[in-house]
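Morning, everyone. Please have the structure open while I talk. I'll go through it piece by piece.

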Amino acid sequence: MEARWGFCLKPCRIFNFGFITPLFLLFLLSFPTISSSVVVNVDNVFDEMPLNIQDRDSLLLFKSQLRDPTQRLSWVGSSCSNWTGVSCSRWNGRVLALNLTGFNLSGQLHSSLCKLSFLETLNLSHNNLDGLIPTCFSSFWSMKTLDLSHNLLGGAIPDTLMKLSRLTHLDFGHNLFDEMLPYWIGNFSSKLEKLEMGYNSFRGEIPENLLHLRYLKYLGLSHNNLSGNLPDFGQSLEHLNLESNSFSGSLPCLSSAVESLSFLNLAENSLEGGVPTCISSLRALVHLNLSFNHLSYEISPRFVFSNRLVVLDLSYNRLSGNLPRKIIESSEKSGLMVLDLSHNQFSGDIPLAFTELKSLQALFLSNNLLMGEIPSRIGNLTYLQVIDLSHNSLSGSIPLNIVGCFQLLALILNNNNLSGEIQPELDALDSLKILDVSNNKISGEIPLTLAGCKSLEVVDLSYNNLSGPLNDALTKWSNLRYLSLAHNKFNGPLSNWIFMFEAIQTIDLSGNKFSGFIPDGIFNVSLHFNNGGETPKMPLLDSKLSVVMGDDLHLNYNLSSTVTIDLSDNLLRGEIPDGIFGLHGLEYLNLSYNFLDGQIPANLQSMWSLKILDLSHNLLSGQVPEKLSGNLTQLNLSFNYFSGIVNKTKGYWRFSGAFAGNPNLCVESSGGGGGCLTKNLPAMPERVYEEGKEDGLISVWVFSVSACVSFYIAGVALFCSSRTRNFMLQTKV
């Protein structure tokens, strides 16, 4: 086929095309059917071009060295179209592209690939390939795109790759390379447009020749161990990502990319000094992340970005002064979606200009020194999904206008000086997943209308002045995973539904005035409470509650992963329901400082996941169970009325002071004698107080009687004396 077409084309050049072309066109127009038939047949010839035999054998040998658990490499037949991930030339059947991304392949790269000498694109990303890159990859003289990212490749990158002079895209990101960044990386191909080497362990500084590579548009070196002063770049970069390295020095202006740079991420380095105003002159900038550095000083009032900016993250630095009053050129045309100035030292109030950023989806101002009230016009931000103003000194109440943020997913206002009540109108936030107003001065009751917030997963109202009984609004929060009402003034009995949330992981009602009995309800509804032992647990909130806000933007809200029930420091009485001691997934149980009585069930050892158990300062009695959970790290049964013997061989000796204040309890010593330690156990404070009162009353009574008797006897004795009687009865004349 190849010789045939070559023969046809060459003789045509000897003819006079001014003569042959009109005749040929006239011929085709006279026979339209034949013309169309000829064209179709030519296409069919190209489509049916068989795979080159040499390339086919090379691919089969390459495949034989790999593990393909999903059997996606269905390479059969001679037609290239039947070979998954393989693209061939329609002229000669040679392999031009091999794209096996995400095939879950494992094994090493076989040198047989190097025989695909016409290869222009090789994409083996998102697999589990390991070992070294073959040195013979230099034989890909036509290679334009080489992508080996997201694998387990390591060792040294062979210098022979310098021969790939036509390469435009090179991606070795997300591998295990741990050498010095190759010195030749910036001068082996003048056509290089994209270089991605992130998520490895490359060391050293950025090579000088990489700073002036003419056509380079995309540079990704994030998550390595690169160091040295952060250099300036001399080309019109569009994407620069140097996140998570050890670069130092001050921020460069990147003036060569003032009209082109759209993505700049220098987060998690050791950059110092202030934020130069020239950074805001990058006209094409869409994403700017300078977080987790050592930047300081105030932000200049001239620090104003173009309306193209979508993400601005200056968090986790040492920036101070007032918040910038103007960030974007025109708030009406602003496209800013994420503004993160958290974890700095900003002071003053929250500028009203922030409430005019109409496209804003996430506002993070936490962990600063902000004062004043939350702007009442914050409800103007109708696209807002996350508000985090926690850990400041904000005062006043939660503005009612906030219900205008009807797409709100997270309202995080904890650790401020907020007061007032929770407004019933907050039920309009029916998409809300996180409500955290803990550590404030909020009072009143939980409004019944909050039943409308059916999407709630995290509710933290702890450390406030809230009061009243639990109402049925909570029962509508069917997705509830974390509930903390700790250290308020709630009262009344606990309802039966308190343990009946299917997704609940943490219930903390400690430090209130709840009374009555612990409801003997259905405890096995929660999957977290019951997935213990060898049963795999569901992903915990521990983990991070991610709220997606556009492309790859997440809210990470950290909570303890411990599966918890905490009812301590209340007025609860009666026996502990057996159902609580049957929760295999529970890790933390605290019922201390109540008036609970009865005995501990013998099935305590069935709580396989239990790590912390605190039943201290109650009225519990009976014997201590012989067996405990093997995972238990903290135990406190002090100041109760337990009796009997605690055997040292049962492992109780690990918990020092766990049995104090139980006078009738014999705790065997861990020494050789094996005697009891009751003499060293202090009595319960309550009983000491009561005994003290009794002893005090007896002592006063005995003293009074003794004093009266002594006085009477002394008086009688003295009066019986004639001399004394005459002296007492004599009168003056």
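Start at one side chain. A polar atom in the side chain of Asn307 lies 3.0 Å from the backbone nitrogen of Ser330. Keep in mind that this is a predicted model. Where is Asn307 placed? Look in the loop between strand 19 (294–298) and strand 20 (311–313). Asn307 is then in contact with Ile328, Glu329, Ser330, Lys333, Ser334 and Gly335.

Pick out Glu329 from that list. Its side chain meets the side chain of Arg283 in a salt bridge, 2.8 Å from N to O. Glu329 sits in the loop between strand 21 (318–322) and strand 22 (338–340), and Arg283 in the loop between strand 17 (272–273) and strand 18 (287–289), so this pair ties together parts that are 46 residues apart in sequence.

Asp55 and Arg94 meet through their side chains, 3.0 Å from N to O. Asp55 is in helix 4 (residues 53–64), while Arg94 is in the loop between strand 2 (86–88) and strand 3 (95–99), so the bridge ties together parts 39 residues apart in sequence. Check the accessibility. Asp55 is buried, with a relative accessible area of 0%. Arg94 is buried as well, at 11%.

One more bridge. The side chains of Arg481 and Glu457 meet at 3.5 Å, N to O. This pair links distant parts of the chain, 24 residues apart. Arg481 is in the loop between strand 31 (465–468) and strand 32 (482–484). Glu457 is in the loop between strand 29 (443–444) and strand 30 (458–460). Arg481 is buried, with a relative accessible area of 17%. Glu457 counts as buried at 13%.

On to the sheets. Strand 31 joins strand 33 (residues 489–493) through 2 bridges, and the two run parallel. In that pairing, Ser467 stands opposite Lys489 in strand 33.

Strand 1 pairs with strand 4 (residues 106–108) in the antiparallel sense, over 2 bridges. Leu66 stands opposite Gly107 in strand 4.

Strand 11 (residues 203–204) is joined to strand 13 (residues 225–229) by 2 bridges. Arg203 stands opposite Asn225 there. Strand 13 is also joined to strand 15 (residues 246–248), by 3 bridges, again running parallel. In strand 15, Ser248 is the bridge partner of Asn229.

Which residues touch the most other members of the largest nonpolar core? Leu98 and Phe137 do, in a core of 172 residues. Helix 4, strand 2, strand 3 and strand 47 (665–667) each give two or more residues to this core. Follow Leu98. Beyond four places in sequence, its contacts include Leu59, Phe62, Trp75, Val86 and Leu113. Another core lies apart from the largest one. This one has 14 residues, among them Val310, Ala362, Val458 and Tyr557.

Last, confidence. The mean pLDDT of the protein is 84, and 80% of its residues reach 70 or more. Over residues 679–703, pLDDT stays under 50, and the model has 18 contacts for them beyond four places in sequence. Over residues 723–733, pLDDT also stays under 50. How many such contacts does the model have for 723–733? The count there is 3.

Conventions:
Residues are numbered from 1 along each chain as its sequence is written. Side-chain values use heavy atoms; hydrogens and water are left out. A salt bridge is a side-chain nitrogen of Lys or Arg within 4 Å of a carboxyl oxygen of Asp or Glu. Helices (H or I, at least four residues) and strands (E, at least two) are DSSP runs, numbered from the N terminus. Buried means under 20% relative accessible area, exposed over 50%, partly exposed in between (1.4 Å probe, protein chains only). Two strands pair if DSSP finds at least two bridges between them. pLDDT is the predictor's confidence in each residue, from 0 to 100. Contact means heavy atoms within 4.5 Å. A polar contact is a pair of N or O atoms within 3.5 Å; within protein, one must be able to donate a hydrogen and the other to accept it, and residues adjacent in sequence count only if both atoms are side-chain atoms. A nonpolar core is a set of buried Ala, Val, Leu, Ile, Met, Phe, Trp, Tyr and Cys residues joined through side-chain atoms within 4.5 Å.
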